[in-house]
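Please find below a short note on the model under review.

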Amino acid sequence: MQFHHHGYVSGDPRVQPAAGVGLDRPEELPGEVDVLIVGSGPAGMIAAAQLAQFPNITTRLVERRPGRLEVGQADGIQARSVETFQAFGFAGRITEEAYRITEMAFWKPDPDQPSRIVRAARAPDDPTGISEFPHLIVNQARVLDYFAEAARNAPARVEPDYGWEFLDLDVGEDGVDVRLRRTTGPDEGAERTVRAQYVIGCDGARSRVRESIGRELVGDRANHAWGVMDVLAETDFPDIRTKCAIQSHDGGSILLIPREGNHLFRMYVDLGEVSDEDHGKVRDTTQAEVEARANRILHPYSLTVKHVAWRSVYEVGHRLTDKFDDVPAELVGVRRPRVFITGDACHTHSAKAGQGMNVSMQDGWNIAWKVGHVLEGRADPSLLDTYSAERQVIAQNLIDFDRRWSKLMAAKPEELSDPTELEDFYVKTAEFPAGLMTQYQQSMITAGAEHQDLAAGFPIGKRFKSHPVTRVCDGNPVHLGHHHRADGRWRLYVFADRPGPGEPSRATDFAEWITGSPDSPVLTHTPRGRDVDACFDVKVIYQQPHTGIDLGRVPAAYLPKVGPYHLIDYEKVYAADPADDIFDARNITRDGALVVVRPDHYVSHVLPLDARDDLTAFFHGITTRHPTPHPEGAVPSP
């Protein structure tokens, strides 16, 4: 964490100085805003936290509830989400209060006494070490609290406007008129219209935003029901504090999820197939019936519920909208989108794969930084077309995965093609539920794979997989990717060629070009008057041990002067760890390579260090050009 560069900070360094619209943020919801977020679920809150980093953008979030969520339905936090929390500054704190999953137990009928269940296998949660971040269980309400804190402490000081219900909207050529109704307070029932440049709908499976733009959820009809309960209970089941898949002989199945705080746990209890004539009656299943079914599955063990924190009955359904914005397919590229939908508003599936909240957060982050760049003048509005194109494919992949996982969970043991099919599927597909299989296809922000072999360990379109390095200025071992904060900046990782700093090299030539050439994207795309690293964070990783690197010989491009006092930022120069070399671990050529990473962690491009025309052309296709600035220090104002 960096602070003091704008002056001495004696308070909480997580509270950034207010700036722009955050200096005098009106308490009342204004009549005109840049971005209106509808819904304070995971997608809405991460979008608010990201947009709060753009101090000149007026962002407001409306929520029909009178206050914060108290009991959340989602609880599974995958490794990619914890990685995301790191970018927003709270991964460590939320990990401390969460339950950590390290293995999963599989219980099946005893071959000798099928009416009894026995533990058949244990599987590690991350058998191949695909992430340095853990798999957590924590209440959705706490996730929202942390994002709310991040938004509140960011320069634009974004906070939810509770007690406003979305009614409908009307999209015009230059904005969106949104009609809202007060749901609480002395003016309950009052209606008003807010004018927004963009609307982000994060209002759940019954989304009115989705309905307002004519999108529909289409897909499978539900044919299997589950009772879910968060409970405190007395039980003799020995694995009550371990994640378990429990399959009985004839009573159905249970997915057991221990919760944070040691005593609470969640059970998804199989209620069986639902006929076409049910018409939702299964949702009336009582708590007593769910408990009785759970005890039948758990035999010879028993369960006595003492307290129910939350419960529900749901039917598994897999549905998806054809697009995630308001532009008809035939008008893509002709008309720019104004309204976007995220999370359950555009894709629904079962809860047992633990993906709903996780995928929704990536939806929200994806659209938020793009809207921020467009409104701030950093990018052409065509960037907004990439949101639906990218996230609709990911949602379809999730539904395909969840359909398979739900079918296996609901199957009777004798219906499986192999006795170990369930646990084998869990282990073999570990990277998908961890949130690390996402790979965006080629687009204006995702280049082709022409130079992928230069850094094979950073696949283009996938998230930047971090690795330990040594920070040269202080000799501290750090994770390179953990310093990629959700501040809206692009990252340029310069993996240096063999010569060290001060010697003729491609890394030195690149540094001179990036700070001195009129074609440099850092100079041509950074607004005047901003720090030279305000939009592009350039870091260098040398092959030599940190003890062999003289900071006095490192090019100025990697030691920029920032802030009003033009202080050198020393935390952009790194060295490979001889004991765990990032060049070897990520298969990076010793001749050097440039890895371009977009604001939400995904690799956009891999290039040779001397492919300057390619780098220039790539960013010319995305970002807005500014007058050529002075090459040293902050980009001067006119």
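1. The model is predicted: local features need pLDDT of at least 70, side-chain atom pairs count only at pLDDT 80 or more, and totals for chains, interfaces and linings use all residues. Residues are numbered from 1 along each chain as its sequence is written, and side-chain values use heavy atoms, with hydrogens and water left out.

2. Helix α1 spans residues 42-51 and is mostly covered, ten of its ten residues being buried. Among them are Pro-42, Met-45, Ile-46, Gln-50 and Leu-51. Buried means under 20% relative accessible area, exposed over 50%, and partly exposed in between (1.4 Å probe, protein chains only). Helices (H or I, at least four residues) and strands (E, at least two) are DSSP runs, numbered from the N terminus.

3. Gly-251 sits in the loop that links β14 (243-247) to β15 (253-258). Gly-251 is buried, at a relative accessible area of 2%. Between Gly-251 and Ala-294 there are 8.4 Å in space, C-alpha to C-alpha, although the two are 43 residues apart in sequence.

4. An unreviewed UniProt entry annotates residues 438-625 as "domain: Phenol hydroxylase-like C-terminal dimerisation"; such annotations may be inferred rather than shown by experiment. Across residues 438-625 the chain is 15% helix and 20% strand, with the end C-alpha atoms 30 Å apart.

5. Asp-519 belongs to the loop between α10 (506-516) and α11 (521-524). Its relative accessible area is 40%, so Asp-519 is partly exposed.
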